[in-house]
Amino acid sequence: MVQTVDFAMMATALRYAAEGECNSSPNPCVGCVIVKEGQVVGYGHSQVAGGAHAEVMALAMAGDAAQGATAYVTLEPCSHFGKTPPCADALIQAQVSRVVVALRDPNPLVSGQGIDRLRQHGITVDVGVLSDVALEHHKGFFTRMILKRPWVRIKTAASLDGRIALKDGQSKWITGSASRSDVQRLRARSCAMITSIETVLADDPQLNVREFTVLRQPWRVILDSQLRTPCDAKILQQSKVMIITAKDSERRILLEANGAEVHVLSDESGERVDLPAVVSLLAQRGFNEVTIEAGGTLSGAFLQAGLVDELVLYQAPILLGEGRPLASFNLVNLADQYQPQVYERRMVGVDQRITLRFTNVQSVLQGVS
């Protein structure tokens, strides 16, 4: 039976899960807390892929105190052998008496089997404590497992009148230093950063995490339909770069020689990159969350393709007049307007960070975007 203390302890497990959210992909970052006689005796979160899972870390800390204790886990303990042994077996061997789970694992390799195995060994299992909060934390993993695509986020910085740059492309800097630092956290939790060849040519970005230490950098994905990426671009001076094009050419050999991984994914016209195929490829590569940092053309294309789950807007208290919009697309009827839901508003320095949702996270559980 679920008790009041279970909610507090699961909240603690979720806080630990958040500590590792930038490093565990393609695995979800799970949090685990071991509690005995009202005291936390062990805790942990998922490490980099191939490293210890949350339950193993927490059990190692708890030691003998785990016997007869309650384990709080943000996602169902795994029941299969991957790069590490099953966590369900570790909990059984430690002789915990009860396991409280926030969410069943959507991975078909687990999907209820971990819970069943625990119950078969006489362990009491309660499921669903703080499931809404846990789903928000694990949204990228659930989206990939259920909808077969990553959670797709557009990050943009704009003025009060919705401009991301002047007409001639000047954009540094619209927002303040606090917002630019905050963006590093979004990059860190992203498995990949997506940009356009136009942005590469205009700004020569690196799209890496710079202001704090991470155990893994995101992939950089350039959508370049004609393979125009310069070999001396800063983005190619790093590892984990993927270029997706609509047309193959001899330049592919040159770009691959400079470390890029090149894929040809064209739409029916043969002239443009197929965006649904892009997100499908990224899901197959194990990417849970991806962030688009590009101009209005690519952002608008993703919106019109219905592939955007979230828009994170850093809005500066300035006016730019005529300039470049944050998303370029045409609507025939006013009724066709996009109407995302405001998920969060927060001040970041002098700027306002507005998170808007096109996807209800709860709908992912039903496979509906």
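This is a predicted model: local features need pLDDT of at least 70, side-chain atom pairs count only at pLDDT 80 or more; totals for chains, interfaces and linings use all residues.
Which residue forms a salt bridge with Arg252, and how far apart are the closest N and O atoms? The partner is Asp248, with the closest N and O atoms 3.0 Å apart, where a salt bridge is a side-chain nitrogen of Lys or Arg within 4 Å of a carboxyl oxygen of Asp or Glu. Residues are numbered from 1 along each chain as its sequence is written, and side-chain values use heavy atoms, with hydrogens and water left out.

Let me stay with that pair for a moment. Arg252 counts as partly exposed because its relative accessibility is 23%, and Asp248 falls into that class with a relative accessible area of 46%; for these classes, buried means under 20% relative accessible area, exposed means over 50%, and partly exposed lies in between, with a 1.4 Å probe and protein chains only.

By the salt-bridge rule, the count comes to 23. One of these joins the side chains of Arg117 and Asp89, at 2.8 Å from N to O. The pair links distant parts of the chain, with Arg117 in helix α4 (residues 113-120) and Asp89 in helix α3 (residues 87-94), 28 residues apart; helices here are DSSP runs of H or I with at least four residues, strands are runs of E with at least two, and both are numbered from the N terminus. Arg117 is partly exposed at 24% relative accessible area, and Asp89 is partly exposed as well, at 22%.

Another salt bridge connects Glu310 and Arg153, whose closest N and O atoms are 2.7 Å apart. Here Glu310 sits in strand β13 and Arg153 in strand β6, so that the pair links distant parts of the chain, 157 residues apart. Both Glu310 and Arg153 are buried. They also belong to a network of salt bridges that links Glu21, Glu136, Lys139, Arg153, Arg189, Glu289, Glu310 and Arg357.

That brings me to β13 itself, residues 310-315, where 6 of 6 residues are buried. Both faces of the strand are covered, with Glu310, Val312 and Tyr314 buried on one side and Leu311, Leu313 and Gln315 buried on the other. Which strands does β13 pair with, and in which sense? Strand β6 (residues 151-158) pairs with β13 in the parallel sense over 6 bridges, and pairing requires that DSSP find at least two bridges between two strands. In that pairing, Tyr314 is the bridge partner of Ala157. Strand β16 (residues 351-357) runs antiparallel to β13 and is joined to it by 6 bridges, with Thr355 as the bridge partner of Val312.

Lys139, which we met in the salt-bridge network, is also one of the buried residues of helix α6. Because 8 of the 9 residues of α6 (residues 139-147) are buried, the helix is largely enclosed by the rest of the structure. After α6 comes Lys148, whose phi is positive, near 60°.

Now to the nonpolar cores, each a set of buried Ala, Val, Leu, Ile, Met, Phe, Trp, Tyr and Cys residues joined through side-chain atoms within 4.5 Å. The largest has 44 residues, of which Met10, Ile34, Val99 and Leu118 touch the most other members. Helix α1 (residues 4-19) contributes the largest share of this core, 5 residues. A second, separate core has 34 residues, including Ala165, Ile244, Leu275 and Leu282. In soluble globular proteins, nonpolar side chains tend to be buried together.

Leaving aside neighbours within four places in sequence, the contacts of Ile34, meaning heavy atoms within 4.5 Å, include Val40, Ala58, Leu59, Ala62 and Thr70.
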